[in-house]
Amino acid sequence: MRLIIEKDYKNVSKWTANYIAQAIIKSEPTREKPFVLGLPTGSTPIGTYKELVRLYKHGVISFENIITFNMDEYIGIPQNHPQSYFTFMRENLFSLVDIKKENINIPNGSADDLEAECLAYEEKIKAAGGIDLFLGGIGSDGHIAFNEPGSSLKSRTRIKTLTQDTIIANSRNFGHDLTKVPKTALTVGIQTIMDAKEVIVVVNGYKKALALKNTVEGNVNHMWTCSILQMHPHAIIVSDEEATVEMKIGTVKYFKEIEAGNINPATQLYI
Ligand code: PGA
C-alpha cells in the first residue's frame, strides 16, 4: 500500500485527479479497448471530480473511451431524486465531460428484482474486462462503498443495510432528517473492489482519522472493511494531514519518507 499525505483537501484532490489522468493517458483507451473506471459518491470525491473536469476542459483527458461503474446506489428513492447517486454523478461529473451515456453504469436501486440487478452488475463489470482503477472513499466507520462493518471480505454486489453511523452521516443531505435517509443500498462488494487492477482511496478530515488508522495500522478485519486494502497489490490512499492524527508519528513519518524518495511521475501535476 502507498500512503500519500498531502497538506490539505485541495492538494489531495489535485494529486488524485492527476494520478487518474495519468492512468487513463497511459492506457491509451480506444473504443475497442476502453479504460474502465470505478467511481464513488459522497463529499470526499467532489474535489477530485472538479479537478478531473478541469483536466478534461484543458484537453489533458477525454472520457470518450472510458466506461464507468459506480460503487453504490440507494434503494427506495428514484433515479431522478435530488439525493440519488445517479443525480450526484450527473451533476458532479457526467454532465460536465464527454462521457457517452451508454458507458455509464450505476446500480439500479429501483430495479424490480434487486438480486438479479446485483448479479447483472457483476456480469457487466466482467464483460467490460474488469475495472482498471477503482476510486473510493471511506466512511467514518471504515466502510468502503457501502460495505459496512461485518461485511464479508469476499462479498460481491448485493443489498446492504446501512449502519446508524452512516445514516446519521448521510442525513446531512436529507435535511438532517434521519427518517428520510434510505436504510438500504445496492453496493459492490469488497471482492468486487479487490478485483480491480488498482484501487485509489481518498481520505480527508479529522472525522476519518480513526478509519485511516485502522486501514493502515490495524489488522485486516471485517469490522474495518477498509483494512482489506492491505491485501491489494496496487492500493493507494491519498490523505490530508488532518486525517492522519490518530496514526503513530512514526507511521506518518515512514510513509512521508518513502514518498519523498519516490520518483513517481504521478506527483507531477498536469495542470
Ligand atoms: P463522505 O463519505 O465522502 O461523504 O465522507 C465517504 C463514504 O461514506 O464512503
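Start by selecting Ser43: one of its backbone N or O atoms lies 2.9 Å from an oxygen atom of the ligand, a polar contact in the sense of a pair of N or O atoms within 3.5 Å. This is a predicted model, where local features need pLDDT of at least 70 and side-chain atom pairs count only at pLDDT 80 or more, while totals for chains, interfaces and linings use all residues. Residues are numbered from 1 along each chain as its sequence is written, and side-chain values use heavy atoms, with hydrogens and water left out.

Next, click Thr44, where a polar side-chain atom lies 2.4 Å from an oxygen atom of the ligand. Then go to Lys208: an N or O atom in its side chain is 2.6 Å from a ligand oxygen atom. Taken alone, the ligand exposes 280 Å², and the protein buries 86% of that (accessible areas by Shrake-Rupley, 1.4 Å probe).

Besides Ser43, Thr44 and Lys208, select Gly42, Gly137, Ile138, Gly139, His143 and Arg172.

Zoom out to the largest pocket, which has about 620 Å³ of space. A pocket here is an open set of points on a 1 Å grid over the protein atoms alone, where a 1.4 Å probe fits, with protein on both sides within 12 Å along at least five of seven lines; lining residues have an atom within 4 Å of a point. Of its 33 lining residues, pick out Thr41, Gly42, Ser43, Asn170 and Arg172, the closest to its centre. Finally, colour strand S4 (72–74), helix H3 (85–92) and helix H5 (164–170), the elements giving two or more residues to that lining.

Note on methods:
A residue is near a molecule or strand if one of its heavy atoms lies within 4 Å of it. A polar contact is a pair of N or O atoms within 3.5 Å; within protein, one must be able to donate a hydrogen and the other to accept it, and residues adjacent in sequence count only if both atoms are side-chain atoms. Grid points are joined across faces, edges and corners, and a volume is the space filled by probe spheres set on the points. Helices (H or I, at least four residues) and strands (E, at least two) are DSSP runs, numbered from the N terminus.
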